[in-house]
Amino acid sequence: MALDSSAAHRLRHAQRMNALLDHIDQHLDQTLDLSSLAERVHFSPFHFHRVFAAWMGETLGDYLRHRRLDVSALMLAQPEPRSVLEVALTVGFGSSEAFARAFKLRFGQTPSAWRLDSPQRWARELACSREQQALRHRPPPALLSNLDQTERNLDQADAAFAEEDTGSCFTSESHMHLSLQQLPPTRVAYLRHIGPYGQSVHEFWMNTVLPWRQAQGLEQRACYGIGRDDPSLTAPEQCRYDACVEVDADFIARSPANIQDLPGGRYAVAAFRGTLPDFAHAWTELLRGWLPSSGLQIDGRPVFEHYPPDSGYDPHTGIFSCELCLPVKAA
């Protein structure tokens, strides 16, 4: 069914704007002025200013500032010997003083204090996620009231001992097993969702991506999901998620899809099976539990989930399976 001209225009507009956001992320260390960016998407500077604000909910200047600071916050949290000045220059600030002022205004801490507090901050996020996960999987009160108190105490003691003994960051509910793998580079077509992660991303897959995938004849191709932003830093309405489908080298992306290449290399790969709440918890366990104690660190490649063609999804229970892929390098 052919699209009307206004719908086709909206799709082309989305394609251009998403390509621009990718360009910005790839050039944060460079000067990104309104005129040159407007030229990339074929708008006059005046109209581009208004179009960008309508698209992202903030001005271009505000967007550039928060992207640079969010990326710097992730870099400062990593256990590598980069100075604050090196981080500032990497994300496009001309001096450590200007960077420190902007960073404190956004995060309420100096860059150095943020770096020192990162292990404790990650531990708090992990503890909160585990508490929420435990509440979700707690048996109903009526069932608990019928259990023998002594038996409950023994079960709790055994569970605490097992957790302390293994040090595993993966819960029984998530059914995760981790390995280090060398993954090949992959060419993908992607559709972008801007908004909160979780249920809205699931609906985006079901209502937009899978019908598009079918229409393109890509039903038997692997899929990937890339969360472009850290939801602990970026406002939910500004979080970007790329729903991707593996394509051949000669595949031509038509609006609103774009093309990107997922880089290969060394990844920590965790097999996941569970529901959406389990999924969010599994990522927290991987990033805040396993990674800090692994002797490895995340690098600049995308973090993504991989859905092989035979990945399962049960619409009645909401249980699905995939692999969580975390790019790693030696610390």
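**View 1. Leu64, a buried residue of helix H4 in a predicted model.** Leu64 has a relative accessible area of 7%, so it is buried (under 20%; 1.4 Å probe, protein chains only). Leu64 sits in H4, residues 60-77 (helices are DSSP runs of H or I, at least four residues; strands are E runs, at least two; both are numbered from the N terminus). Beyond its neighbours within four places in sequence, Leu64 is in contact (heavy atoms within 4.5 Å) with Ile24 and Leu32. Asp25 is 39 residues from Leu64 in sequence, yet their C-alpha atoms are 9.1 Å apart.

**View 2. H4 against H7.** The axes of H4 and H7 (residues 111-136) lie 8 Å apart, at about 65°. Axes are lines fitted to C-alpha atoms over the stretch in contact, and angles run from 0 to 180 degrees between N-to-C directions. The pair is therefore roughly perpendicular (65 to 115 degrees). From H4, Ala73, Leu76 and Ala77 meet Pro111, Trp114, Arg115, Ser118, Arg121 and Trp122 of H7.

**View 3. The largest nonpolar core.** This core has 33 residues. Such a core joins buried Ala, Val, Leu, Ile, Met, Phe, Trp, Tyr and Cys residues through side-chain atoms within 4.5 Å. Trp205, Trp212 and Leu326 are among the residues with the most contacts inside it. Elements supplying at least two core residues each include helix H10 (199-215), helix H11 (276-290) and strand S9 (320-330). Leaving out residues up to four places away in sequence, Leu326 touches Leu286, Trp290 and Ile298, among others.

**Notes.** Residues are numbered from 1 along each chain as its sequence is written, and side-chain values use heavy atoms, without hydrogens and water. Local features need pLDDT of at least 70, side-chain atom pairs count only at pLDDT 80 or more, and totals for chains, interfaces and linings use all residues.

Note on methods
Buried < 20%, exposed > 50% of the residue type's maximum accessible area, 1.4 Å probe, protein only. Parallel < 35°, antiparallel > 145°, perpendicular 65-115°, else oblique.
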